[in-house]
Amino acid sequence: MKITHHITDDLLYLYAAGDLKFGWSLAIATHLSLCPSCRATLKTYEQVLAENLAQEHVSEMSVNADDVLAIAGSQMEPCEIAPPVQAEKNFVFPKPLRDLCGDLGDIKWSTMGGGIKQKILHEEDGIVARLLYISPGASASAHGHNGIELTQVVSGGFFDGDQAFERGDIQIVAHDSPHQPIAMNGEACVCLAVTDAPLKFRNFLPRLFQRAFRI
Ligand SMILES: [Zn+2]
């Protein structure tokens, strides 16, 4: 299995700098725990930041983002998921998620209908981090975005248009044109989804329940 959808360079840089709110950091930390390629890029950013901090006149300096991206760009190849370390073998959720909510079997889901369940994990300043459980073959309601949505797959997978997202992949959507994720058949898809604004639904029914589900 390969991870083919990675964290963008700008998000990874902000994460390295510690400039992201908890929800975004949770999604990125979860991806990093599954993705050796992004971990390698993060290390590059951390080294650049540390070198800058170590120099005199730190306050007058700024990191040259183009140089950082050039260094990192060569390392953003699709990668094999690293073999889990021994302690990870019996878990579905990577450690950043488990530290917050336990493992998959510990989650007390709220049913949303249509084969979809959710568990809100964290809310801060309008940024909501939630787990989504989508039954095999079920589809989320078509929706656009007022803000950004990060969706990190932790189990199973989904299709969105002509793209496939499986365990380890992260989807980053920041447009208001509607899209509709559909879980792959055979296994439920479990994702960590982080949003910073209510979704835009075209259909009436999801709009009706939008406030109740805080989506
Ligand atoms: Zn990655």
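Predicted model: local features only at pLDDT ≥ 70, side-chain atom pairs only at ≥ 80, totals over all residues.
Let's begin with the zinc ion. Four residues hold on to it: H6 through its ND1 atom, H31 through NE2, and C35 and C38 through their SG atoms, at 2.1 to 2.3 Å. If you look for these residues in the sequence, you'll find them spaced as H-x24-H-x3-C-x2-C. What arrangement do the four donor atoms make around the zinc ion? It's tetrahedral, because the angles they subtend run from 97 to 130°. For comparison, the ideal angle for four tetrahedral donors is 109.5 degrees.

Now hop over to helix α3, where you'll find T41. T41 is another buried residue, with a relative accessible area of 0%.

Strand β5 covers residues 127-134 and is mostly covered, with seven of its eight residues buried. Which strands pair with β5? One is β4 (residues 116-124), which pairs with β5 in the antiparallel sense over eight bridges. Within that pairing, K119 stands opposite L131 of β5. The hairpin of β4 and β5 has two residues between the strands, and D125 there takes a positive phi near 50°. Another partner of β5 is β12 (residues 189-195), again antiparallel, this time over seven bridges. Here A129 has V194 in β12 as its bridge partner. As a rule, side chains in a regular strand alternate between the two faces of the sheet.

There's also an open sheet of three strands, with antiparallel pairing and the order β9-β8-β11. Its edges are β9 (163-166) and β11 (182-183); each has a single partner strand, so one side of each is left without a neighbour in the sheet. Strand β8 (residues 157-160) pairs with β11 through two bridges, in the antiparallel sense. Look along that pairing and you'll see F158 standing opposite A183 in β11.

Finally, let's look at the nonpolar cores. The largest has 29 residues, and the ones touching the most other members are I7, L12, F93, L97, L131, L192 and V194. Several elements give two or more residues to this core, including α1 (9-16), α2 (22-34), α3 (36-54) and β5. Which of the elements gives the largest share? That's α2, with six residues. This core also draws at least three residues from each of domain 1 (2-88) and domain 2 (102-213).

A second, separate core has 13 residues, among them I116, A140, A183 and C189.

Terms used:
Residues numbered from 1 in each chain as written. Heavy atoms only, no water. Donors = N, O, S within 2.8 Å, 3.2 Å for Na, K, Ca; no water. Tetrahedral: all angles 85-135°; square planar, octahedral: opposite > 155°, others 65-115°. Pairing = 2+ DSSP bridges. Helix = DSSP H or I, 4+ residues; strand = E, 2+ residues; numbered from the N terminus. Buried < 20%, exposed > 50% of the residue type's maximum accessible area, 1.4 Å probe, protein only. Core = buried A, V, L, I, M, F, W, Y, C linked by side-chain atoms within 4.5 Å. Domains from an automatic or database assignment.
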